[in-house]
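Please read the briefing below alongside the sequence and the model.

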Amino acid sequence: MTPASTLSQNDIVWARAQHPQVFNVKGKRIVFALIWAVIIAYLIGSLWYFDIGRFASASDRAWRLISAMFVWRDIETWQFGSIYTAIAQTLAMAFLGTLLGSIAALFIGFLAARTTMPIPFVRQIVRRILDVFRGVDQLVWGLVFVRAVGLGPLAGVLAIFISDMGTLSKLYSEALENIDRKQVEGVRATGAGPIKVMRYGYLPQVLPVFISQSLYFFESSTRSATILGLVGAGGVGMIIIERFRANYFDQVTFVVLNVLVCVYAIDWISKKIRERYIGEQAH
Amino acid sequence: MLKLDRLTKSFKNRNAVNAISLDIPEGQMVGIIGRSGAGKSTLLRMLNRLAEPTGGSIIIDGRDITALKGRDLLAWRATCAMVFQQFNLVGRLDVITNVMTGRLYHHNFLASMLQLFTDEDRARAIRALDRLGMAHTALQQADTLSGGQMQRVAIARALVQEPRFLLADEPIASLDPLNAKIVMDALRTINQDDGITVICNLHTLDTARAYCDRIIGLADGNLVFDGAPEALTEAKAREIYGAESAEAFSEGLTSTTLDFPIPAAAMAAAQPEYAMGLAR
Amino acid sequence: MSYTDIAGAGAPQQPNPTDQFEAHRKQMRREKLAMNLLFGALFIVTLAISIHVSRFYPDRLAAGIPRIFEYFGTIMPHLEWQVLFEGRNEAGRATPGSLAFWFADLELYLRLIIETIFMALTATMLGAAAAFLLCFPAAKNLAPNSAIFWISRRFMELCRGVPEILYALILVFAVGIGPIAGVIAIAIHTAGALGKLFAEVNENASLRPVEGIKSVGGNWFEQMRYGVVPQVLPNFTSYTLLRFEINVRASSIVGFVGAGGIGSELNRVISLYSDDRVVAVLILIVLTVTLIDLLSEQLRFYFIGKENLK
């Protein structure tokens with residue numbers, strides 16, 4: 001019917017002669033195949049090295065674990081009081097840790113920002129210390145503080161405090177570096193001293209950003225605070241590990257589900273607050 | 001013969017296309033005209049089932065297109081190529097691959113997932129691009145092309161589908177007059193040389209008059225005109241384009257090159273792409 | 001001359017605008033004060049409850065803080081400049097005060113750190129592959145139907161809602177101590193977290209190419225492969241690299257519950273020894289994480305930069 005429907009070998013030869021580079025796909029295909037071969041070889045090799053075969057042999061045990069997690073027994077003996085106290089303790093740890101971290105960051109942020117800290121040496125020292133606070137994972141801080149001050153929520157609060165302080169200081173200092181200089185000049189022009197310049201020139205501009213970021217960190221600290229208990233740093237994680245070690249897997253499932261609901265609720269509330277009072281600016 | 005029988009598309013409280021019945025013999029070049037919102041686009045999109053009809057049927061070779069499912073539906077779409085106002089190319093792929101996607105229906109799953117096209121596909125694509133004068137751009141990334149070039153690539157993609165029908169939904173509404181002419185000439189050539197039935201939504205009357213064998217006028221989803229271009233009187237055209245155009249209606253003003261008499265602002269609001277097209 | 005005089009005798013008598021402004025201002029101040037008081041009270045109550053439930057009392061804090069400094073004193077290395085670079089002697093013993101003494105188990109640490117990086121790499125690849133498969137049905141605009149959309153969304157939420165270390169805990173119980181539990185745990189979490197990000201990228205992708213592929217008779221997979229993937233791939237790559245950085249951190253701690261990597265060694269030295277080895281391992285972890293961050297950042301710039309060039 002249409003001339004296009006018949007394609008002879010000659011047509012291919014003609015097209016190849018006209019545009020040889022279009023038909024030159026061999027090199028590209030080899031590179032493509034090689035990349036995928038390397039990726040797949042790596043995956044198979046690493047999984048073999050990590051002994052993936054254990055999943056096959058452990059299936060029986062895994063199955064018993066899974067069924068124990070989802071068949072809930074003896075619900076009346078679960079001590080709900082201690083579960084919800086621990087969840088409340090987790091929230092309290094996150095709240096205190098983030099609050100203390102934010103207060104500390106309010107001062108350290110000014111020390112680490114180029115706009116407010118004219119001495120490069122001090123700035124660099126402060127920033128490197130912050131790097132250490134951030135570089136060590138919160139759970140590691142938890143473990144360290146458990147060794148230092150003993151089991152319990154105090155270690156958890158300190159761990160959240162240290163890692164939130166590290167990250168919030170950095171974010172605060174970045175916010176300070178991104179502000180509108182004109183407003184600061186305006187305050188300075190009235191003859192205000194350095195403290196007053198900070199208070200009236202900088203704070204009003206950055207405070208909404210600070211609050212928004214702190215709220216966001218409260219949210220993420222609630223998430224991370226749930227696992228701090230795994231190393232003994234208080235909160236619901238301690239309940240989880242305790243009951244896991246005692247093979248109460250159904251209770252573990254219940255606690256984890258409760259934590260999930262709680263975390264989603266906090267996320268939602270914090271999102272609403274940020275939308276309502278801070279507007280769409282920086283998270 | 002493509003037969004539309006009381007084809008209807010209704011939204012909540014109104015019919016975008018209202019019981020349209022048509023017979024389109026193969027090999028015709030049909031222009032569908034009407035104001036924006038008249039249901040042209042919906043009608044065209046129902047023909048290759050990008051939009052689902054809510055009533056009526058489309059019959060070809062004794063088969064009801066509206067009832068097709070699965071592989072049969074894909075086969076129909078492959079036979080019934082479409083060209084869009086915004087070209088709908090994959091901007092991040094090169095031109096030749098864009099054209100070769102027209103062959104996807106004929107590929108097996110693995111070959112299409114791995115982008116393994118054959119030399120035959122390449123030859124077809126080159127030939128189609130060559131017909132449209134675009135073969136030299138074969139290895140360029142598609143989003144580096146101008147609008148007119150993209151539309152020609154899109155037509156090349158339609159050509160390698162080896163379609164029986166070619167639907168063009170406002171193919172020139174986003175193009176400048178020169179490119180609009182190139183694209184319309186290409187569609188006409190395809191219609192005449194390859195015998196492909198071309199059904200083309202057009203915004204402007206003189207384009208339809210210049211290129212089409214037959215003009216179909218839609219107003220508010222209803223068929224208000226169906227006949228040869230010569231039979232379309234000024235009075236009829238006025239009816240199609242609605243009351244707003246009445247006072248200043250003049251054939252010359254509906255040309256591709258000029259904006260539509262009165263409702264241009266209204267149209268720009270309703271259809272931002274139209275405004276962009278005007279601004280070029 | 002007052003305002004009403006200008007308006008003329010015919011104008012309706014208006015209250016003095018200054019008074020009106022003052023009244024309005026007072027009311028606004030009152031409202032603001034009430035809000036502030038409310039928030040302040042709420043804050044104090046929350047604070048009090050928090051202090052109470054987490055037993056964060058001043059006396060405990062006062063007792064705790066000296067112990068923190070004490071503890072940090074014990075884990076600091078005691079280096080002596082004269083012997084700092086002294087190697088091991090003939091008997092294979094290192095001199096106390098030298099770097100060789102401090103990092104006596106360096107070989108073990110390095111082996112574990114390499115294991116940690118490979119764990120993160122494997123887990124990221126597995127997780128990203130799963131996320132890639134999940135993200136198309138989980139994008140509102142691309143999902144073939146709402147049931148598949150709902151299922152894939154909930155599945156991803158489950159994957160990322162539970163922290164990786166909890167998955168690791170369960171998997172260690174199921175398959176025993178070793179890195180594979182950590183790898184799979186991190187992969188599961190990555191599938192959920194990356195899947196959500198990927199799905200968001202998909203939801204912002206233009207649907208025009210998808211429609212184009214649909215119109216040539218392409219099935220759903222072909223619409224995704226040709227219409228969406230070329231658009232979103234640079235963003236996917238960038239997110240995956242970012243996730244790799246996060247996963248290196250994660251794989252350095254899943255060892256706490258026995259799921260392999262440097263975390264197991266860190267847990268061991270903290271729990272059993274409390275001496276300078278703690279800081280040695282910590283330094284290595286921080287260095288590794290920083291190095292990976294820098295490398296991955298360069299790679300991401302490469303991908304994003306390429307995108308900006310278009």
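Helices (H or I, at least four residues) and strands (E, at least two) are DSSP runs, numbered from the N terminus. This is a predicted model, in which local features need pLDDT of at least 70, side-chain atom pairs count only at pLDDT 80 or more, and totals for chains, interfaces and linings use all residues. Residues are numbered from 1 along each chain as its sequence is written, while chains are lettered from A and ligands numbered from 1 in the order in which they are written.

**Annotated spans in chains A and C**
- UniProt, in an unreviewed entry, places "domain: ABC transmembrane type-1" at residues 87-270 of chain A; UniProt positions follow the numbering used here, feature names are shortened, and annotations may be inferred rather than shown by experiment.
- Residues 87-270 of chain A are 84% helix and 0% strand, with end C-alpha atoms 18 Å apart.
- For chain C, UniProt lists "domain: ABC transmembrane type-1" (unreviewed entry) at residues 113-296.
- Residues 113-296 of chain C are 82% helix and 0% strand, and their end C-alpha atoms lie 17 Å apart.

**The sheet in chain B**
- An open sheet of six strands in chain B runs in the order S6-S7-S8-S3-S9-S10, with mixed pairing; two strands pair if DSSP finds at least two bridges between them.
- Strands S6 (80-83) and S10 (222-227) of chain B are the edges, each pairing on one side only.
- From one strand to the next, the twist averages 20°; axes are lines fitted to C-alpha atoms, for helices over the stretch in contact, and angles run from 0 to 180 degrees between N-to-C directions.
- Four bridges join S6(B) to S7(B) (residues 165-169) in the parallel sense.
- B:Ala81 has B:Leu166 of S7(B) as its bridge partner.

**A helix on the sheet**
- Helix H7 (residues 177-194) of chain B packs on the sheet and touches S3 (29-33), S7 and S8 (197-202) of chain B; contact requires C-beta atoms, placed from the backbone, within 7 Å.
- The direction of H7(B) makes about 155° with that of S8(B).

Terms used:
Two residues are in contact if their C-beta atoms, placed from the backbone, lie within 7 Å.
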